[in-house]
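Open the model in a viewer and keep the selection tool at hand. The stops below say what to select next and what is there.

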Amino acid sequence: MLARRAVPQYQLPSHALPPPALPAAPKASMRLATILSGLAVLLLIYNLRTAASLWDAPPRIIAPATVRAQTGRLQPLVSDSGLATAAAPIRTFEAPTVVADPSAGAPRVLAGKPPFEPRTPSVCGGSGRSGVPVTPRAINYLPASCEGPPAVCAALSAVAQASQQHDGAVLLLVAAHDDASELAPFVETAAAVGAAPRVLVAALDASASAAAKALSPAPTVLDAAPLLPAGLARPARKWYLAAALLAAGASVLYCDVRVRLSADPFGALYHDADLEAPPDPSASAGSMLFGGRWGRSPGERGSMMVAGDHLMGWSQMCESYAIGAVSPRLWFAAASHESVQLARRLSARLGGALFGDEGMVAGGMVWPAHEAEPYVLTEELVGPAHDGITRAGASLRVLEGRCFGGGKVVASLPSPSSSRGAATDDVLTARAFLARPQVLSSGCGATPLAPPEEAMGEAGASTTEKAPFEPWVRHEGLPTPRPLNWLPAAAAAGEAWPRQADCEAHALQPLCTTLRTVARRTAHGGEVLAAVSNKNLVGPGGALDLFLDGLNSANITHALVVALDEQTGTWLGRRGTAFYERRLVSRTGSTDNHATSGLKFAVLHEFLSAGCSVLLSDVDVLWMQNPFTLPSLYRDADVEGMTDGWDDVTAYGYEWPSHTRSLRLGARNSGLFYVRATVEAVRMMARLKGRMQREAVWDQTAYNEEMWWAALPREPAHGIAARVMNYLCHMNSKTFFRYMREDDQLLARHRPVSLHINYHPEKLPRMEDAFARYHGAAPDVDLGNGLGRPTKRAAQGGIHAWHWGVGLKAGQWCREAPRVRGAPGSALGGRLVAAGGRATWSGISGLHFHAGGALDTPWGSGSWGTLKKPGAEHEDLLFADFIGQQHVVGPHADGWPRLTSTRCADFENVTVVVHEGG
């Protein structure tokens, strides 16, 4: 049981009315669906890079004339006339964030020509690679009009005069008395490559100032001590000074005084990102550990990793991503709004309570500044926003390590620091539930608060300790999020939304017809909740039926389903559900869950092109509250997504020091995310749509990569602003069943917004039991105890009947009983082998029980043999395990050649018929 702190009582309103009972799902169809789902996950475990090979041909798109759009009601709890207005207005809050309104258009664009144009540099450049081209996000340059401290303006003028350059770029050195001896060698190499006139030395004390002024050629010197706040820690000083220069309209190339130049570094820049930096030497030194996509290593761009949580059984795969730290010793920052916000945030954070001149104190130890700063810089650039923690939204390009490092083509950096070793699976011990006090006291509404800096530091420094439950606070010095670049212009007064011009331009009239009926106009533009489904999930009591009942019970009225085939559209129409029929097929033509999932990006591209923001939801998500009206959405990022992590460490990221210093965090789930109708988001969806057509890649892997990847030579990036949803509000099923359910106080008083049954194979029955708890309650019950909506597992406690790994708790003996391959000592097994070992499984042929214990099935290979039931060792029982599922096989009531197979996960039975004579 988790440690608890007394918190004020918090009562959530009841949003649900008891819906009609759902008929039970047909056993055979659910069993086959579970087997197919298990096969897909097994393929992912055996081939993590390619997942299942789902994409062999471009998707077939039905001509617009055959696209069908119909509108119906999701049986809302409001009247028809209130569909567009019944929801409460979006509640805003005072926070250090600015949420852009699409009616304001794109952010301010600098008038006239920007100081730099994107380019392929003359030094260490490269040509573009094939594939869907990526247009980098435009840089929001600040005007080059110095309104800062007079000393800063004078120094910039002196550099411009010395260099005879009018682009406002400077080469910044920050030096104290102990750096004085390094100034002369640096300036000497800068002079040799023609960069000396741009050098600006910010002297932190009189000794450094005197040493700089004595150099020949003499650089421009800025006496920086009077400009700095008293007591500012040393790692923060350079970022404070950089922010002042950037705010004055000067782009900054920063070099540590120990850097040595081999070529003009300005010639190696791309000018297509807010910040360009090489990998930190500690990151690139161990980059061969992984081997990343496109021949790159995660020390440069990032890579998918998998930890095996074997105690979870079928659900053991924990996908995560790691990217090597970028270097704070050499970087170029464009004079942009985002760069200023980034530099100010780094100055505030590195000068905060956790930091001093020696480094960061956290986790009971001191991280030296040269070790902590690379991670902090990388986290602010690449780490997602979460809760009250905002990010500047600065785009990143990673310069090649061969050019800025050991190769010395452009510059050599100081030697790498040592790394602290950590294994891939160490993250599985993380238990930093810092969100617990907040959701207990205030629920899941968007908030400007976050855990205290000290608590976050403790959680990030160690993944083996449970972090203290500290009340949340407002952080100082957080950046203002980047304004979003809205795709369509605002609709004119009185004009219907979506705009007719956008609908016609993209041939989306059927979609627009549906959107105009079900979407509502808000202060932040049109938005809907959308799910994508095919005929495999339709029918009374099925997954789609239960999903829609969840939407109704949570009073989410502006929602629709994208029907991928005519049968689904017809069923939705009879049910009275709004739908948009879009006939698409996967690359292979497969209609299983994983193949269908990849089609969502093509559909989302259409929604965004029409100017509609979308909360994309898989059908195995149960909604307990309305995220739009609560609101749990922050709306300050291009993409705001659910995490597969289960605490602050796994959801939001931590320093992973395994051979290479990296930022690592859990995957964002591609089955639940909110995407805005922005330029960057529609480009991302176009690229994902293309990748699904061409590559054998799991849709979730591609989704994370496109958000995560930094730009590299020949490989641009979207510049996506990303946010991760709170892991206790938009929950995955591992978080719910393994952690929240076992916390009595949290379970009794906290109502999540959504629950995604993504970790477990028993999707529909677990979803039924969660529905019973949260939507089966009487009106006067706060959270519900399954009243009025019993399931087959109600007598066993509903949600409490399930093991947090795989299957029912009652089946644990079955899953864990000792197994012996083959049939030694088993009369039943011997008879099976003597008959030739071939059989049908629930009427499906293709089973072969081999004499040595190998098992062939239509769904994949497995094993079989003898099994002893505790307390009934005399029973002659067999096991048959395949595609991650365990089964007990015994005599059938009708006798030989029939056998009964009982699945350990949920005790579902099927008949196995042995073919005597082979």
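Residues are sorted here into classes: Ala, Val, Leu, Ile, Met, Phe, Trp, Tyr, Cys and Pro count as nonpolar, Asp, Glu, Lys and Arg as charged, and the others, Gly among them, as polar. The model is predicted, so local features need pLDDT of at least 70 and side-chain atom pairs count only at pLDDT 80 or more, while totals for chains, interfaces and linings use all residues. Residues are numbered from 1 along each chain as its sequence is written, and side-chain values use heavy atoms, with hydrogens and water left out.

**Stop 1: the largest cavity**

Select Leu-381, Ala-394, Gly-719, Ile-720 and Ala-721, which lie nearest the centre of the largest cavity among its 34 lining residues. A cavity is a set of points, on a 1 Å grid over the protein atoms alone, where a 1.4 Å probe fits but cannot get out; lining residues have an atom within 4 Å of a point. The elements giving two or more residues to this lining are α8 (369-382) and α19 (699-708). Helices (H or I, at least four residues) and strands (E, at least two) are DSSP runs, numbered from the N terminus. By class, the lining of the largest cavity holds 20 nonpolar, six polar and eight charged residues. The volume of this cavity is about 460 Å³, where a volume is the space filled by probe spheres set on the points, and grid points are joined across faces, edges and corners. The count of cavities of 30 Å³ or more comes to twelve.

**Stop 2: α16 and α18**

Next select residues 600-609, helix α16, and residues 679-694, helix α18; they pack at an angle of about 155 degrees, with their axes 8 Å apart. Because of that angle, α16 is roughly antiparallel to α18. Angles under 35 degrees count as roughly parallel, over 145 as roughly antiparallel, 65 to 115 as roughly perpendicular and the rest as oblique. Axes are lines fitted to C-alpha atoms, for helices over the stretch in contact, and angles run from 0 to 180 degrees between N-to-C directions. On the α16 side, the contact residues include Phe-601, Leu-604 and Leu-608, and on the α18 side they include Val-682, Met-685 and Met-692. Contact means heavy atoms within 4.5 Å. The contact of α16 with α18 divides into ten nonpolar, two polar and one charged.

**Stop 3: α13 and its two partners**

Select α13 (residues 543-553) with α22 (residues 763-775): the packing angle is about 20 degrees and the axes are 11 Å apart. That makes α13 roughly parallel to α22. Among the residues that meet are Leu-546, Phe-547 and Asp-549 in α13, and Met-767 and Phe-771 in α22. This contact has six nonpolar, three polar and two charged residues.

**Stop 4: loops**

Go on to the loop between β21 (621-623) and β22 (639-643), where Pro-631 lies. The peptide bond from Leu-630 to Pro-631 is cis, with omega near -20 degrees. Arg-635 lies in the loop between β21 and β22, and the phi of Arg-635 is near 65 degrees, a positive value in a residue other than glycine.

Notes: 1 Å grid on protein atoms, 1.4 Å probe; cavity = no way out; pocket = protein on both sides within 12 Å on 5 of 7 lines; lining within 4 Å.
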